[in-house]
Amino acid sequence: MIQLSNQFCPQLQIEALDLDGCPIADLGLDFVLPGHPNIELRRGGRDTAVTIHNLHQYISLVTHWFLVEGVSRQFEALREGFDSVFPVNRLRMFYPEELENVFCGSGLNAASHQRWDVRMLAECCRTDHGFSQDSQAIQYFYEILSTYNREEQRLFLQFVTGSPRLPTGGFKALTPPLTIVRKKMDGNQNPDEYLPSVMTCVNYLKLPDYSSREVMRQKLKLAASEGSMSFHLSLNANEVERVHFKY
C-alpha cells in the first residue's frame, strides 16, 4: 500500500532516492569542497548538511568550483601565455575543424581514414641499431601497418607516440620521425616471447626480431591494446596478464 502511494506522490519518490542503497542524508556530506576542507561552497557550508532537497545545489557548486572558479587563475595564465605566442583574436579566422587539426593533428574518422602505404612508411620512418630498411623484420612491420584499419591505427599511434592522431601532414610531419630499432636480447632469450616497447617522447619503437610476420602482428596488437595507457619496464609477453607496460 505504501509503494502504491509512492507511485502517485513525487515528494515520496524524491525522499526514497539513494546512492547505492544509502540515503543521501546518511552520506555525511556538507557544503565543503571534496578534498579541500578549508573551502566552503557557500556561507556556513561547513555547518550545512547535504540532503536530498539541496543535493542539486551541492552538485552544481562542486561542478562550478572544479571546472570554473577553482581553475580560473590557471586558465587565465594559460590564455595569457598562449596570447603572447599567438594572439587569440587571430584564431577567429579559423573554423573549429581547422583548429582541431592544427592542435590535435589529422583526424582518423571514417571519412578521412586512409590506409598507410608501405612505400610511404619506408620514406617516413627511420631504422637504426640493428635494423635497416632492407631488414626482414622491417618489411614485416611495414606490411602489417599497411593492413591496419582505423581503430588499429589509433591504437598503434597511441602506443608509439602517446597520441591517437598524427600531426597535420601525417607521418612525414612526426617530429622526431618514427624510429624502429632492434630490441636487444641475451643469447638464450627468444624474441618471440617478448613484446615491443616504446619511448613515446621521441617516437622510438624497440622491436624484437620476430621469426614471422604473424608473430609480429600478434605482439604489436597485444602491445598496442594492453600497454598504451601504462608505464612499466616489464618486457616479457607472458607477463602481460599481470603487468602493463610502456617502456
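Helices H8 and H9 are roughly perpendicular to each other, a label for angles of 65 to 115 degrees. Helices here are DSSP runs of H or I with at least four residues, strands are E runs of at least two, and both are numbered from the N terminus.

A word on the source. This is a predicted model, where local features need pLDDT of at least 70, side-chain atom pairs count only at pLDDT 80 or more, and totals for chains, interfaces and linings use all residues. Residues are numbered from 1 along each chain as its sequence is written, and side-chain values use heavy atoms, leaving out hydrogens and water.

Back to the pair. H8 covers residues 150-161, H9 covers 213-227, and they pack at about 75° with axes 9 Å apart. Axes are lines fitted to C-alpha atoms over the stretch in contact, and angles run from 0 to 180 degrees between N-to-C directions.

Which residues in H8 meet H9? They are Leu155, Phe156 and Phe159, facing Ala223, Ala224 and Gly227 in H9. Contact means heavy atoms within 4.5 Å. Five of these contact residues are nonpolar, one is polar and none is charged. Ala, Leu and Phe count as nonpolar, Gly as polar, and Asp, Glu, Lys and Arg as charged.

Now the loops. Most residues other than glycine have a negative phi, and most peptide bonds are trans. His129 has a positive phi, near 50°. His129 sits in the loop between strand E3 (126-128) and helix H7 (136-146). Thr175 and Pro176 are joined by a cis peptide bond, with omega about -5°. Pro176 is in the loop between H8 and strand E4 (179-182).

Technical notes. Parallel < 35°, antiparallel > 145°, perpendicular 65-115°, else oblique.
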